[in-house]
Amino acid sequence: MTKIQNAVIGSVRTVIGWVPAGWLPGGSPDPLIERRAAIGRQASRLDGPLKVTGEARFAAEVAVDNLSYAALVHSPITRGRIMRLDTDAADAAPGVILVVTHRNMPRLGTLALIGMSDMSAIGNSDLPILQDAQVHYNGQVVAAVIAETQEQADHAVSLIMIDYTAEPAKTLFEEAKATARTPASVLIEKNHVTVGNAERELSRSAHIVDNVYRTPPHNHNAIELHTVTAMWEGDGLLVHDTTQMVAPSATALAKLFGLKREQVRVLSPFVGGGFGGKGMWDHQIVAVAVARMVGRPVRLTLSREGVYRIIGGRTPSEQRVAIGADAAGRFTALIHSGYSVMPPYGACPEQYTLGSRAIYDAKSFEFLQRHVDLDIVPNTFMRAPGEAIGTFAVESAVDEMAHAMGVDPIDMRMANIAERHPVSGAPFSQHALKQAFTDGAERFGWNRRVAEPGSRREGEWRIGIGCAAGSFPYARMPGANVRITLHGDGSATIACSAQEMGMGTATVQVQHAADRLGLPLEAIRFELGDSDLPASPMAGGSSQTASVAGAIIAAAEKLTGEMLRLAGNASPVAGLRAGEVRLTDGGIASIADPSRHDSFESILARAARDDMTVTAAGSMPLEMFKFAMHSTSAVFCELRVSDVTGEVRVDRLLGSFDCGTILNPKTAASQFRGGMIMGLGLALTEETLFDGRSGRIMNASLADYHIPTHLDVPQIDVMWTDIPDPRSPLGARGIGEIGITGVGAAVANAVFNATGKRVRDLPITLDKLLPD
Amino acid sequence: MNPISYSRAASVADALHMAGGQGARLLGGGTNLVDLMRKGVDTPSQLVDVTALPDGIDRAEDGGLIIGAAARNSAVAAHPLVRSGYPMLARAILAAASAQVRNMATVGGNVMQRTRCLYFNDVAGARCNKRVPGSGCDAIGGFNRYHAILGGSDACIATHPSDMCVALAALDGQVHIAGPAGERTVPLVAFHRLPGERPDIETVLDPTEIVVAITLPPSPFAARSAYRKVRDRASYAFALVSVAVGLTMREDRVDAISVAFGGIAPKPWRAARIEDALRGASLSPSAIEKAFEAEFADATLLPGNGFKRGLAKRTLSAMLTELGGPAQ
Ligand SMILES: Cc1cc2nc3c(=O)[nH]c(=O)nc-3n(C[C@H](O)[C@H](O)[C@H](O)COP(=O)(O)OP(=O)(O)OC[C@H]3O[C@@H](n4cnc5c(N)ncnc54)[C@H](O)[C@@H]3O)c2cc1C
Ligand code: SF4
């Protein structure tokens, strides 16, 4: 983001700051917060039976006539040029339809990089794809083969001979720090933020902790591989994809291939895990381009190794956190700065300092992120980008301070948790982090903790308990549209392009629509995953539920008006205005006199209408600018560390969450648990082995890249305050990413409590816990 | 297409007849070989399926055990004779891979499995003397967390990744080999070679030969034995260090002892020096320490794997101390 954008967003903020809260959306809380029936109830996922029976068709399974298959060649060198390219053997191999290289790839522009101002800007990279002989990173796509079968394509790929001349590459984080860039902003926030003179306050503080924390690169490992099926029908383009950005993909592809938006349709009814990795990458663009070249549908499924090669993951980071505290344990200074990778052709800034701005009060602050430029596959968003690793650093540091001062780590936090946003001063819309800590500590049995590290033992195992706080911002994206169709039989269909990645998008919105429209659950159908439906934004930033809900609210209001008009003078609700009625019991009723009720069925029947359709967009998410809105958490961990081997075994994990209304306890618990399991990986096992000599990822497989196995995952307890947020649709905030947030530090702090060893670089592998 | 012929041997003679040609490979469960073929590390032209060869697990004439090379890893681990007479072997197998892999993997394939060295497995991007003799070894200056501290060479420091073989080494397993010239038997500890200048030659097995069985003599260690595997996650990871120990005690002194390590050497590492030093000794911390130093004195420690020396020592000490205590 440029300085100009920064200024624009800054001034919008300022203007909104003057608007009275009551004028803003959410000024009077969503009435459904009080009046919920289906919302908040346990409901199984609507897509569950389809998946269990195998009827759900994922992008690699869609039956398509005359399908051809593609495979990719990845560069084994990191920087350089293709000097010799021999595709003769591949061209002649059985079943090969076409070999594509930069020589014959149609000329294409590049994607607009992901930006916060244009929702169809979704490029993770703006490097040209198969346009020239230049190699920019190890694993880059340098050729593709299209063949009659996948096996033929895979084989032909092995026959392509390429000679490269290697050029010097930037692959060493430590060296590249010297030329790191300091961006003006991080996402939509100013990057370098100072409140007071934090360095001076720090140096004068009674107590100081000042350390550097390191986190390694991570790779995306969604169970479903990235896969795309592209076909041209006349001038129209149909793409079966697995994507967390259905409508934006269609818009971006239309732009890139010079088509009208209506000519492109992207279908993605099911996504087998996204986590930030299922965006727009090179493979979709190659598939679309070659499908046109061969005049046939093309399917391109990345291998697991391929995912590591061309789908970016989480950047490594080096973070300094310095905290000063006065004698009473109140923070006087909080400094959080550091380095992470973002190549100039990439777009994801890994906002690790943003979470740290929102939890604790301090007399002074300084936040600053620097981008290190390496020749690598561009890093991207990965569940709680920024917060997941930022909280590791800050929440470890808070624990270090508590230990240094001999204060209980929860008391230390309680004394410093802010009552308003610590940096902007904005009021929190709703904030019960303290309660989350109190409730969680009680359920977890925090009082069993022994403060002196290394005090508890069972046989060779030292036992420790730790905790950490987490914070993840609420977001509701602009540009969410939905269509509601009321049918003559009194049922309704809700449609939008939203994405179902297994978290229960449809399930929860059906619950919502049932309450919003006053219909039973069974009367609602939800259509999604199709870019021809009214566009909704990407699923990212834990924002989809609120974004779609906001649009349903707007559409339901419009529907109410339309139905009142249609009801006419003979209706029991005749003469009432939209503000005087609500949708309930399958129709419209007067709020003042509920006996005045007219059913949807009879209104439509009287008007001789089969149905009524409205489309509406959610209001601008102004609440985000007026209020500080954050989901927060208190994470607790109990674990054992072997005195013999240094192995860590986590015995218990508890997450206590404050995320507004919990719309469906079952799907929410899965989101929380899944996030926490990913947090265990971050804490203990996950690390992309990036060989700094070559710039190559060496553990590009699930055997060598260690995600937690079942045996690594203990019983995970989750609980929540369930206090509605008066400023958001349904009172809900995001829950998809808060689960991973804080887990790294909770584990590290428990390890410290068990052993007295402070590990400041993840993952906490056993060698770091052995005596030197 | 790389044409591959596939045939299934009905007998050992059959297998010997089919195998041995250029490009021929024996196929057990395929859990290792098929992966290597997918990655282009191995490019056979002929597969001879040996899973129909003897897979029995039976008591041998000497009271020991004979295991057919085609026996599945899971069948061995579950067998009553193994569980009662050689519990360390059952535990070693169950510490390996996943249930699905163990159900497929054969004993012959397990003994013959290749290293998990990341550079060996990366045809497109790495140099490896084992894969391409003379090309260099990228592991030495690279990621070598899983690599050897004993028995490696300047050419190669890859480890043999098997858990089962560590127990077999400690249990004095014998490898029964059939070849065109007849049968021969090699102790498991002499079956795998150290890399020296030729890391590409991993065992004493001639390409014309096949492994037909493993035998174990009666073991005195059933009552006091253990296999402990130390790894980067609780399951489904290769050993950083693993230790197999069998003991018998007379009074409070060691009578018989067997110690083998995995994860630290190019082959299952039978620690004869430790055994010699401890035989007849009492298991005091200083005696264990001295014995360990005798074995690991010339360990070569790299930045990525240097921790294994201390880890091996601590693991061994803890196991000996526990096993040497009053019998359960
Ligand atoms: C993801 C994963 C994790 C694993 N984790 C572990 C672990 O933690 N610990 C562990 O010990 N192992 C582990 N393994 C390895 C596993 O034990 C081996 O893959 C397996 O034992 C090989 O047996 P197989 O029958 O499948 O061999 P194959 O793959 O069929 O063959 C392997 C080799 O043996 C040769 N061969 C097969 N049979 C004979 C014979 N009778 N005579 C001569 N040569 C023969 C083949 O030609 C080939 O070269 C893991 C494997 C995988 C895939
Ligand atoms: S350690 Fe051995 S197997 Fe690994 S790269 Fe070096 S030579 Fe190859």
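Modeller: Happy to; what follows goes from the contact between the chains, through the domains, to single pairs of charged side chains.

Please keep in mind throughout that this is a predicted model. A search of the whole structure finds 67 salt bridges over all chains. Side chains of opposite charge can pair when their charged atoms come close.

Let me start where the two chains meet. The contact takes 31 residues from chain B and 34 residues from chain A. Together, chain B and chain A bury about 2700 Å², and carbon and sulfur atoms give 59% of that area. For the charged part of this contact, the count between chain B and chain A is four salt bridges. One of the salt bridges is formed by B:Arg228 and A:Glu460, whose closest N and O atoms are 2.7 Å apart. Polar contacts between chain B and chain A come to 11 residue pairs, both residues being at pLDDT 80 or more. On the side of chain B that touches chain A, the elements that give two or more residues are strand E9 (225-230) and helix H12 (307-324) of chain B. H12(B) gives the most to that side, with five residues. Sorted by class, the side of chain B that touches chain A has 15 nonpolar, six polar and 10 charged residues.

Next, the domains of chain A. Chain A is divided into domain 1 (68-168 + 223-273 + 278-310), domain 2 (185-218 + 314-475 + 625-768) and domain 3 (477-620). Where domain 1 of chain A meets domain 2 of chain A, each gives 21 residues to the contact. Taken over C-alpha atoms, the centres of domain 1 of chain A and domain 2 of chain A are separated by 36 Å. About 1800 Å² is buried between domain 1 of chain A and domain 2 of chain A, with carbon and sulfur atoms giving 61% of it. Across this interface of domain 1 of chain A and domain 2 of chain A there are two salt bridges. The residues on the side of domain 1 of chain A that touches domain 2 of chain A divide into nine nonpolar, seven polar and five charged.

A:Arg36 forms a salt bridge with A:Asp722, and the closest N and O atoms are 3.9 Å apart. This pair links distant parts of the chain, 686 residues apart: A:Arg36 is in the loop between helix H1 (3-18) and helix H2 (48-52) of chain A, while A:Asp722 is in the loop between strand E31 (715-720) and helix H18 (743-755) of chain A. A:Arg36 counts as partly exposed because its relative accessibility is 32%, and A:Asp722 counts as partly exposed at 27%.

A:Asp163 and A:Arg84 form another salt bridge, the closest N and O atoms being 2.8 Å apart. A:Asp163 lies in strand E6 (residues 161-166) of chain A and A:Arg84 in strand E2 (residues 80-86) of chain A, so the pair ties together parts that are 79 residues apart in sequence. A:Asp163 has 35% relative accessibility and therefore counts as partly exposed; A:Arg84, at 39%, counts as partly exposed.

The side chains of A:Lys434 and A:Glu419 meet in a salt bridge at 3.1 Å, N to O. A:Lys434 is in helix H12 (residues 433-444) of chain A, and A:Glu419 is in the loop between helix H11 (409-416) and H12 of chain A; the two residues are 15 residues apart. A:Lys434 is partly exposed, with a relative accessible area of 30%, whereas A:Glu419 counts as exposed at 58% relative accessibility.

Chain B has a joined group to look at. Salt bridges that share partners connect B:Asp172, B:Arg270, B:Glu275, B:Asp276 and B:Arg279 into one network. Chain B is divided into domain 1 (5-51) and domain 2 (225-324), and the centres of domain 1 of chain B and domain 2 of chain B, taken over C-alpha atoms, are 36 Å apart.

Notes
Residues numbered from 1 in each chain as written. Chains lettered and ligands numbered in written order. Predicted model: local features only at pLDDT ≥ 70, side-chain atom pairs only at ≥ 80, totals over all residues. Heavy atoms only, no water. Domains from an automatic or database assignment. Contact = heavy atoms within 4.5 Å. Buried area = accessible area lost by both parts, 1.4 Å probe. Nonpolar A, V, L, I, M, F, W, Y, C, P; charged D, E, K, R; others polar. Polar contact = N/O pair within 3.5 Å; in protein donor to acceptor, adjacent residues only side chain to side chain. Helix = DSSP H or I, 4+ residues; strand = E, 2+ residues; numbered from the N terminus. Buried < 20%, exposed > 50% of the residue type's maximum accessible area, 1.4 Å probe, protein only.
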